[in-house]
Amino acid sequence: AVGCIVVCDVARKASIDAACLWKAELEKCLNPAKIGYRVPVILIANKVDTLMDVQESFVIGAYVQRTALKMNFDGWFIGSAKNNEKISEAIEFLLGKVTKEQSKRVLVGNSGASLEMHSKRERVSSPKLSSQMTNLIHLSSRAPSAVEIHGDKEAQDGRVCVIA
């Protein structure tokens, strides 16, 4: 893996809390001392379009921010995949981090990796979102020919996309 996205449901505290468990698991599996390089991980709190109360939105936003800072995510975004809010920015941010980390690897003689997306929760069925991810990833210096998105609709909390 060269980058990860942990996605949670902004409207469900349990999902935000599950993002902490995913991040901890990623830290175990992708420990730089073990694999030889650092893997950037960002948090996307999805479904902001479902929040109707302004005060509730501020409270949730603050909670997501505290969670992201406490868990040392490389970046965090609150958005909506349905309405394409902040998704491009999040992917571009992660790709910038991945490119920076991969350029460090290239300098020490490691080969670059191809990018492949894996989702631990559900299949991304939006052609618009999949197309956008493909286009953004093609902007990367280590662009793949395609993006593969896998899913499991049985999982209830959190989602992880791994760029490998």
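Helices (H or I, at least four residues) and strands (E, at least two) are DSSP runs here, numbered from the N terminus. The model is a predicted one, in which local features need pLDDT of at least 70 and side-chain atom pairs count only at pLDDT 80 or more, while totals for chains, interfaces and linings use all residues. Residues are numbered from 1 along each chain as its sequence is written, and side-chain values use heavy atoms, with hydrogens and water left out.

Begin with K47, in the loop between β2 (41-46) and α3 (54-70); its phi is near 75 degrees, a positive value in a residue other than glycine. Most residues other than glycine have a negative phi. K47 is partly exposed, at a relative accessible area of 29% (buried means under 20%, exposed over 50%, partly exposed in between, with a 1.4 Å probe and protein chains only).

Select K86 next, in the loop between β3 and α4, where phi is again positive, near 70 degrees, and the residue is partly exposed at 42%.

Now show F77 and F93, which form an edge-to-face aromatic pair, 5.5 Å centre to centre with 65 degrees between the planes (ring centres of Phe, Tyr or the six-membered ring of Trp within 6.5 Å; planes under 30 degrees apart are stacked, over 60 edge-to-face, the rest tilted). Because F77 lies in strand β3 (residues 75-78) and F93 in helix α4 (residues 87-107), the pair ties together parts that are 16 residues apart in sequence. F77 is buried at 16%, whereas F93 is partly exposed at 31%.

Finish at S15, in helix α1 (residues 13-29), which is buried at 2% relative accessibility.
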